[in-house]
Amino acid sequence: MAASLYASPMERGWYYLHRLLCGAVLLFLIAPILVIIPLSFNSVPFFTFPMPGLSLRWYEEFFLTERWQGALHNSIFVAVSVTLLSTILGTLAALGLSRPNFPWRAPVMSVLISPIIVPVVITGVGVYFFYADVGLLNTYAALILAHTTLATPFVVITVSATLMGFDHSLTRAAAGLGAPPITVFFKITLPLILPGMITGSLFAFGTSFDEVVVALFVSSAEQRTLPRVMFSGIRESISPTITAAATVLILFSLTMLTTIELLRRRSERLRGIRNT
Amino acid sequence: MATMAVQIAGSVDGVPLRIKLQRIERARKLKTFAFVLPLLLFILIGFVLPIGRMMFNAVHDDGLLVLMPRTMAALNGWDGKDLPDETVYAALAGDLKLSFAQKTAGAIGKRMNYELPGALSEVISSTRKASTLSVGPYKAALIEITPLWGQHEVWSLLKRGASAYTAFYLLRAVDYQYGPDGQIVASPPENAIFRDVFLRTIGISIGVTATTLLLGFPLAYFLATLPRRSSNLLMIMVVLPLWTSLLVRTTAWVVLLQQHGVINDTLMALHVISQPAELIYNRVGTIVAMTHIQLPLTLLPIYSVMKTVSPSYVRAARSLGAGPFYAFWKVYFPLTLPGIAAGCLLTFILCLGYYITPALVGGPADQMVSSLVAYYTSEELNWGMASALGVVLLTATLLLYYVFNKLVGVERIKMG
């Protein structure tokens, strides 16, 4: 929609003002993320332009010191475990919820979704007391279980969304042709809901990988995750290594975003939904 | 035909078909429920139960009951008018001796200190002195040790401690407390800090919600009117921040807004300002960083509603003689209201619970309720207070979420 030829000067003024404002807002959204990338190659430990020279010293520190590498390994280990657990639990629940005869759907759904509604500090304090009581405080198990409660709602939501457009006559046809329920699930249902499952599991991975508040409450220095190290890094004295870590994480989220977009397209194609 | 078939089928083994169908239906329901059960149990045990227990802590406090059992039992007979009689003091002396031996004086003193600032040191010193008392009468001797035990206020505090349930923490969370005679009074100014924090939390949340709406609405309109290809491209710029780690975005703002950060240095190089502006560790930094984080979340619901508004409505209004602004305001804008309500409510709800961002880019005067909950949990170790503040925050969040659910429906939350 371009400014039409017969628009009044006032309308044209508004049109360009609107475009200018939108450009500024988009810049506001993206600039902070883009600014941090070049700064991570700065050869001096300051956060300003112009940079006196380029170097990889902050990446060296990120990839070679125990403090950051330990955190990265912990984060990946916890996030992968969370992803596995929450994908299994969440997919099962979504399959059950999608059946037309499921009883008390609305209240059950509210309970399952509640971990993403409750302010995360309350969750953090609540599980802190809980894991202190059962003697799991400062263990990987506590961190993984706590993150799983936070991550599973995303799996439930995404898989449910995939199942909403699910054609149940396909499973009935398979059953009618003599396939036992297990075969129906693995040959018909699973391939169709797989894109939703993968999207959900990526969300779950991202949730755990980025979570800091609950990690601050239930884990100790031994189970420190990447966000925890970044949090204390920003809080104490901000070292340029954080910008290197941030750049790595930005690349990581770009990859995730692309994967999810590709999966969404694939899923729409599989289910025969055509974009207009 | 149908009824006949039912009768014939039902007569084979004597069980009516209706009952059989009901049985099958029930078995199916159980089977589908079995799919959901593992997650439901997991969430109930690992999430709902811990939070419920924490909420319970806000009204349940048996500290004094456990630490001073004899005094609490003796106080049951006290009418609450004058100072208690000798039997109560004897029980108190017994409890104090015991607490000196078991080193629990600090815990008693700390609990009393919540309601009576300054009681902690008095209690600790009096347990030490009371341990030397061997014979009565205890009343005069204890008041001799410290006048604390001769104050009516102290005894009405202890009397309240005889019950395991207390409204003290919840009252404190809204800046009320028990007066000397057990009546509820407004907290003195030095204790009345919580209402300020709640108002500040609401104020910051409203500010951020309004800013995201002001910035997000024009952009959403722009994206909704663009052709699909270019709007998809620009949409990446909206969604990428949403996908970037919260800590990365906060780090970016710290780097940008610092005293010698990118923005200050650029402005100084351009001679716009001569001194670095105070952009971080204050309200400005908090609002800017929070707006950046919430903007996509306000924008996306508005955008998806705008996509459904047919351009022919505005065209019809224009052809009927409405000016461009009148047509926009009277026709287009009302149609986008559901999206605005959804986006703003979502942002407002999420803002209420912010913790990390104010902690990293805000100053001491920008901390919100969540920070206080964390502070009372891990620094002060006053778990009753942490829980009471949590109750207020959680209640507000759940109420707003209920409204959101009625308005939008949780089923319609979309990801990505």
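**Exercise 1.** Classify R160(B) in this predicted model as buried, partly exposed or exposed, and describe its salt bridge.

*Solution.*
1. The relative accessibility of R160(B) is 22%.
2. Buried means under 20% and exposed over 50%, so R160(B) counts as partly exposed.
3. R160(B) forms a salt bridge with E115(B), with the closest N and O atoms 2.6 Å apart.
4. R160(B) sits in helix α9 (residues 152-161) of chain B and E115(B) in helix α6 of chain B, so this pair links parts 45 residues apart.
5. E115(B) has a relative accessible area of 14% and is therefore buried.

**Exercise 2.** Which parts of chain B does the salt bridge between D61(B) and R111(B) tie together?

*Solution.*
1. The closest N and O atoms of D61(B) and R111(B) are 2.5 Å apart.
2. D61(B) lies in the loop between α2 (17-57) and α3 (63-67) of chain B, and R111(B) in helix α6 (residues 105-115) of chain B, so the pair ties together parts 50 residues apart in sequence.
3. D61(B) and R111(B) are both buried.

**Exercise 3.** Describe the contact between chain A and chain B, including its salt bridge.

*Solution.*
1. Chain A gives 85 residues and chain B gives 85 residues.
2. The two chains bury about 8000 Å² between them, with 82% of it on carbon and sulfur atoms.
3. The count of salt bridges between chain A and chain B is one: R53(B) meets D133(A) at 2.1 Å, N to O.
4. On the side of chain A that touches chain B, helix α1 (residues 9-39) gives the most, with 17 residues.
5. By class, that side of chain A has 63 nonpolar, 16 polar and six charged residues.

Definitions and conventions
Residues numbered from 1 in each chain as written. Chains lettered and ligands numbered in written order. Predicted model: local features only at pLDDT ≥ 70, side-chain atom pairs only at ≥ 80, totals over all residues. Heavy atoms only, no water. Contact = heavy atoms within 4.5 Å. Buried area = accessible area lost by both parts, 1.4 Å probe. Salt bridge = Lys/Arg side-chain N within 4 Å of Asp/Glu carboxyl O. Helix = DSSP H or I, 4+ residues; strand = E, 2+ residues; numbered from the N terminus. Nonpolar A, V, L, I, M, F, W, Y, C, P; charged D, E, K, R; others polar. Buried < 20%, exposed > 50% of the residue type's maximum accessible area, 1.4 Å probe, protein only.
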